[in-house]
Amino acid sequence: MLNAPAFLGQNGVGDVPFAESVGEGVPGPSGGPDPTAQRRGPAPLLAVCAGYFMVILDVTIINVAVPVVGRDLSASLTGIQWITDGYTLVFAGFLMTGGALGDRLGNRRVFCAGVLLFTASSAACAFAPNALFLIAARLVEGLGAALIVPGSLALLQEAYPAPAARSHAFGLWGSMAGVAASAGPLLGGLLVSTVGWRWVFLINLPVGVACLILTLRHVARSPRHAGRALDWPAQCAVVAAVALLTASLNEVGRRGWSDPAVLAGLGLSVVAVVAFLVRERVARSPALPLRLLRSRTMGGGAVVGMLFNFGFYSMVFTASLDFQHRRHFSALETGLALFPAVAMTMFASVLSGRLTRRTGDRPLVTSGMLLGALGLAGWAAAGPEPAYALLVVPMMAAGFGTSFALTGTTATVMGSAPPAYEGGASALFNTTRQIGSATGVALGGSLLATSGGYGTGVRVSMAIGALAYLSAAAVAWVCVPTRARGAGR
């Protein structure tokens with residue numbers, strides 16, 4: 001999925017090969033460029049992106065398969081919900097733990113452990129004899145995903161210290177989320193309709209094996225900070241906060257926002273966040289020091305990530321339901337209908353990676369968010385029953401704007417982190433993005449269920465998504481530096 005021209009040029013005109021720019025700024029034994037760094041090329045990026053793509057794909061590919069799974073395994077409605085939601089709950093809840101383990105034990109070691117666990121549990125899912133076994137395997141799969149994702153960004157930070165190469169790497173890493181999320185329904189529909197639902201999980205096996213081999217062969221060992229004790233009370237507070245929030249938001253579409261169980265879950269998640277902050281204030285070895293959380297660049301970048309994930313995944317979710325239920329598209333047709341947004345994520349990530357060296361991060365993040373807002377506002381203004389042709393440009397604008405902004409936002413958050421907390425910073429960024437995704441999906445589903453019609457619900461959802469993009473643009477203008485911190489590190 002890598003585009004060769006993306007790896008050419010640190011000045012945007014393609015005159016410096018990627019393999020040479022990788023070693024820029026990394027001193028070797030004689031004071032010149034490190035030849036080992038120069039030889040890395042795209043292999044570490046391929047390894048990391050393969051793992052990340054596999055994780056995000058598993059969030060969405062199951063959606064079109066789960067009705068067939070439920071019939072085949074005689075699962076109850078509650079069991080079907082846990083097949084889809086159990087993975088997301090564990091994944092989101094243990095991201096901070098995965099980041100802390102990476103900082104302590106080495107990001108490559110934890111990343112490889114996550115890939116191995118994810119691949120093995122995918123095989124268990126594929127051969128599950130009953131629903132209970134499948135649910136348990138999905139929970140383990142979510143734990144593997146939580147170990148993979150924080151280390152992925154930290155490994156790219158270590159593998160590509162040169163600003164130009166790092167920007168390209170972060171851009172392509174970010175585009176994997178949009179591509180995987182949107183390709184999931186298409187690929188899932190294709191597999192279920194041809195070779196059966198078990199291949200939704202079996203497809204992870206060759207990807208996981210290839211990812212593990214590439215990582216062990218081409219990704220350097222990560223530094224270990226063994227002196228840092230794991231702050232288990234803080235980790236437990238994060239797990240509780242994210243799990244309660246995600247579970248509550250998942251119940252909104254079925255119960256409504258005013259349901260006591262939903263309100264109690266949201267309230268307890270706030271209590272868990274407060275407990276985390278109090279613990280980090282007094283801990284001798286905090287999971288993420290409060291000075292980093294208070295940092296304008298790190299905190300602001302995390303908020304921007306949460307807002308654009310809210311807007312993008314709300315669009316993908318509501319559009320998928322609208323295409324299938326109101327327009328009567330098949331799962332395969334829905335995946336094809338969403339393809340314009342997917343295509344733009346790849347193109348935008350390559351372009352932003354090239355432009356950031358000239359313009360810095362702030363203009364790219366801000367303009368990307370403004371473009372995304374314009375796209376979703378255009379969808380909302382297109383009328384209650386617009387023709388599909390009128391929605392292509394809004395989808396392209398939202399996909400392009402999100403991916404265009406992601407590169408600079410990622411660089412901002414990771415550039416704000418000291419080397420000892422790269423895994424923690426990556427975990428924070430990805431946790432807030434997961435919260436944004438879950439909130440966007442929950443709100444979109446609630447609007448579709450309560451607005452008296454899919455047309456009205458989709459328009460209101462798109463308008464709220466546009467406001468989220470506008471808010472992200474404002475936060476980015478204040479918090480994202482023109483040049484990412486740590487660019488020369």
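The questions and answers below walk through a predicted model of one protein chain.

Me: How many helices and how many strands does the secondary structure of the protein chain come to?
Reply: In this predicted model, buried residues make up 58% of the 489 residues in the protein chain. Among contacts between residues at least 6 apart in sequence, 82% join residues at least 24 apart. As for its secondary structure, the chain comes to 21 helices and 0 strands.

Me: Is Ile83 buried or exposed?
Reply: Ile83 is found in helix α5, and, once its neighbours within four places in sequence are left aside, it is in contact with Ile62, Val66, Val69, Leu134, Ile135 and Arg138. The relative accessibility of Ile83 is 0%, and because buried means under 20%, Ile83 counts as buried.

Me: How far apart in space are Ile83 and Leu139, C-alpha to C-alpha?
Reply: Ile83 belongs to helix α5, and in sequence Ile83 and Leu139 are 56 residues apart. In space, taken from C-alpha to C-alpha, the separation of Ile83 and Leu139 is 8.6 Å.

Me: How many aromatic pairs does the count come to, and which kind of pair do Tyr87 and Phe118 form?
Reply: The count comes to 7 aromatic pairs. Tyr87 and Phe118 form one with 6.4 Å from centre to centre and 70 degrees between the planes. Tyr87 lies in helix α5 (residues 77-93) and Phe118 in helix α7 (residues 107-126), so the pair ties together parts that are 31 residues apart in sequence. Since planes over 60 degrees apart count as edge-to-face, the pair of Tyr87 and Phe118 is edge-to-face.

Me: Which residues do ring pairs link into a cluster with Tyr87?
Reply: Tyr87 is buried, and so is Phe118. Ring pairs link Tyr87 into a cluster, and the residues joined with it there are Phe91 and Phe118.

Me: Which kind of pair do the rings of Phe323 and Tyr388 form?
Reply: The ring centres of Phe323 and Tyr388 lie 5.9 Å apart and their planes stand at 70 degrees, so the pair is edge-to-face. This pair links distant parts of the chain, 65 residues apart, with Phe323 in helix α15 (residues 296-326) and Tyr388 in the loop between α18 (361-380) and α19 (389-415). Phe323 is buried with a relative accessible area of 0%, while Tyr388 is partly exposed at 26%. The kind of pair formed by Phe323 and Tyr388 is therefore edge-to-face.

Me: Which residue has the ring over which the charged end of Arg362 sits?
Reply: The charged end of Arg362 is 5.4 Å from the centre of the ring in question. That ring belongs to Trp477.

Me: Where is Met315, and how far in space is it from Ala398, C-alpha to C-alpha?
Reply: Met315 has its place in helix α15 and is buried, with a relative accessible area of 1%. Apart from neighbours within four places in sequence, Met315 is in contact with Ala341, Leu376, Trp379, Met395, Ala398 and Met462. Met315 and Ala398 are 83 residues apart in sequence, yet their C-alpha to C-alpha separation in space is 8.5 Å.

Me: Is His328 buried or exposed?
Reply: His328 lies in the loop between α15 and α16 (331-337), and it has a positive phi of about 60 degrees although it is not a glycine. The relative accessible area of His328 is 64%, and because the cut-off is over 50%, His328 is exposed.

Me: How many of the 11 residues of helix α6 are buried?
Reply: Helix α6 (residues 95-105) is mostly covered, and the buried residues in α6 are Leu95, Met96, Thr97, Gly98, Gly99, Ala100, Leu101, Gly102 and Asp103. Just after α6, Gly106 takes a positive phi of about 110 degrees. Of the 11 residues in α6, the buried ones number 9.

Me: How do the residues lining the second largest pocket divide into nonpolar, polar and charged?
Reply: The second largest pocket has a volume of about 380 Å³ and is lined by 17 residues, of which Ala241, Val273, Phe276, Thr431 and Ile435 lie nearest its centre. Helices α12 (232-255), α13 (260-282) and α20 (422-450) each supply at least two residues of this lining. The lining of the second largest pocket divides into 14 nonpolar, 3 polar and no charged.

Technical notes:
Residues are numbered from 1 along each chain as its sequence is written. This is a predicted model: local features need pLDDT of at least 70, side-chain atom pairs count only at pLDDT 80 or more; totals for chains, interfaces and linings use all residues. Side-chain values use heavy atoms; hydrogens and water are left out. On a 1 Å grid over the protein atoms alone, a cavity is a set of points where a 1.4 Å probe fits but cannot get out, and a pocket is an open set with protein on both sides within 12 Å along at least five of seven lines; lining residues have an atom within 4 Å of a point. Grid points are joined across faces, edges and corners, and a volume is the space filled by probe spheres set on the points. Helices (H or I, at least four residues) and strands (E, at least two) are DSSP runs, numbered from the N terminus. Ala, Val, Leu, Ile, Met, Phe, Trp, Tyr, Cys and Pro count as nonpolar, Asp, Glu, Lys and Arg as charged, and the others, Gly among them, as polar. Rings of Phe, Tyr and Trp (its six-membered ring) pair if their centres lie within 6.5 Å; planes under 30 degrees apart count as stacked, over 60 as edge-to-face and the rest as tilted. Buried means under 20% relative accessible area, exposed over 50%, partly exposed in between (1.4 Å probe, protein chains only). A charge sits over a ring if NZ of Lys or CZ of Arg is within 6 Å of the ring centre and within 35 degrees of the ring normal. Contact means heavy atoms within 4.5 Å.
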